[in-house]
Amino acid sequence: MTGRLIIASNRTAAPGEARAGGLAVALADALSERGGGVWFGWSGDIVEREPRGAHVFTEDGVEFALADLTQAEYDGYYLGYANRALWPVFHYRIDLAQFEEADFAAYEAVNRRFGRLLAQFTRPEDVVWIHDYHFLLLGQEMRASGWSGPIGFFLHIPFPAPEVFSSLPQHQRLARAMAAFDLLGFQTDRDTANFRRYLIDTHGGELLEDGRIAVFDRVLTAKTFSIGIDPDDFAALALGDEARAAAERVGGIIDNRALVLGVDRMDYSKGLPQRMEAFGRVLDDNPDLRGRSSFLQIAPPSREAVDAYQALRVELDRLTGRINADYADLDWVPIRYLARGYPRETLAGLYRLARVALVTPLHDGMNLVAKEFVAAQDPEDPGVLVLSEFAGAAEQMPTSLLVNPHDIAGLAEAIHRALLMPLEERRERWQAMDASIRETTIAWWRHAFLEALDTTRPDA
Ligand code: ADP
């Protein structure tokens, strides 16, 4: 008999959150499979006075415990340390990182307050699963509050090369705190290797025969669990009425020219300016392709309160304006850039319609858009995935057209090649990718992680 599952993630799938995303569903499934448990996270509310407890309620057998943040906590912990320091550094953008001591103090204080709170919800036989970069200190804080049971942690974003991680002024402090976890899950073998190398080279960690690492008087496991999607569900979505309607609408507007598609949150890690420049380069270099394909980029703004995101928006507006002004004709616009989100059904329809998908982040933990695109294809006439070698998904999809997203000429060449790729080659490449997304589905991911966590005993 296993204990209950206690999950902590920044946002939860509490009623009203309406995140139909695969991750939210997977974690909800994990909780209900264990016959309930607790899902702890931020309520999404910002309050004036320092909140003390959590809002607790039960929904479908899951106990939600949601804590509020004060404005100062939101600014320092969430916008500050998590998104102005950790996010850029973990995505190799030290140039964009802001290292404010006050932000780290807020990050520490929120992790402490949350860790104490969460420890109160645990029972001795439970297992705890903490998610992502918001909560790097949470395990250690739970231990300080008396929790001695197993704690698993999954990092959804990349773990950078040790030299890059070490640029964080607090890296030593973070590393010690991360050693409070018993099992650390990463998206790719590259991330796992980076983390291990960091512990071994910087902190004298020792790789044991059984693959675990002894460091800071603890023994922990670092392992790869590549996150996935539910391919059948997504394939079915792509054949649904809403998906077809969306595809017909866009197909009509682009007059059935080849659709080149990008779907991303508007984030500087996604390589959007480089992608637009490369599409412009395709038009520069191939007069015969002008008027024959349309690039649709869907990119809803995110984290607009962070300056780097505002600068990106201006850059994208400038680039689309320039390329469209150079090449648009009376009946054709080369780039359509829509700064808003769309329902999953709509995206599924557009993926299926697209001849080419551009998934070219400069760095990305996994990138589920790549997997969704593959799942949505018509097996008889699949589109081509142009994929950044720095997306986690690249490790699993060697038959995509792999590109260096910084290399505009190489990227332009790949787009050109994708647009002209013969059907037979498209099929072969797609079949291998489809097989791969069926191996590490979202259900596999949560089962594999929890199985590993269940067999991990805290080892002081
Ligand atoms: P990230 O987690 O960095 O945003 P992923 O590609 O791993 O990147 O996951 C993004 C998820 O959000 C996917 O499930 C995708 O369908 C969804 N998504 C991305 N962009 C949009 C958009 N423009 N509109 C609606 N959903 C989006």
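This passage looks at the surroundings of the ligand and then at one pair of helices. The structure is a predicted model, so everything below is read from computed coordinates.

To start with the ligand, 15 residues surround it, and the closest are Arg265, Lys270, Pro300, Leu368 and Glu372. For Glu372, the atom sits in the side chain, 2.6 Å from an oxygen atom of the ligand. Lys270 likewise uses its side chain, with an N or O atom 2.9 Å from a ligand oxygen. With Leu368 it is the backbone that takes part: one of its N or O atoms lies 3.0 Å from an oxygen atom of the ligand.

How much of the ligand does the protein cover? On its own the ligand has 560 Å² of accessible area, and the protein covers 76% of that. Two elements give two or more residues to the shell, namely helix H12 (344-353) and helix H13 (368-375). Of the elements, H13 gives the most, with three residues. Sorted by class, the shell holds eight nonpolar residues, five charged ones and two polar ones.

Next comes the helix pair. Two packed helices are described by the angle between their axes and the distance between the axes. Helix H6 spans residues 171-178 and helix H7 spans residues 189-203; their axes come within 12 Å and cross at roughly 115 degrees. Because of that angle, H6 counts as roughly perpendicular to H7. As for handedness, the crossing of H6 and H7 is left-handed.

Definitions and conventions: Residues are numbered from 1 along each chain as its sequence is written. This is a predicted model: local features need pLDDT of at least 70, side-chain atom pairs count only at pLDDT 80 or more; totals for chains, interfaces and linings use all residues. Side-chain values use heavy atoms; hydrogens and water are left out. A residue is near a molecule or strand if one of its heavy atoms lies within 4 Å of it. A polar contact is a pair of N or O atoms within 3.5 Å; within protein, one must be able to donate a hydrogen and the other to accept it, and residues adjacent in sequence count only if both atoms are side-chain atoms. Accessible areas come from the Shrake-Rupley method with a 1.4 Å probe; for residues, only the protein chains shown count as cover. Helices (H or I, at least four residues) and strands (E, at least two) are DSSP runs, numbered from the N terminus. Ala, Val, Leu, Ile, Met, Phe, Trp, Tyr, Cys and Pro count as nonpolar, Asp, Glu, Lys and Arg as charged, and the others, Gly among them, as polar. Axes are lines fitted to C-alpha atoms, for helices over the stretch in contact, and angles run from 0 to 180 degrees between N-to-C directions. Angles under 35 degrees count as roughly parallel, over 145 as roughly antiparallel, 65 to 115 as roughly perpendicular and the rest as oblique. A crossing is left-handed if the near helix is turned anticlockwise from the far one by less than a right angle, and right-handed if clockwise.
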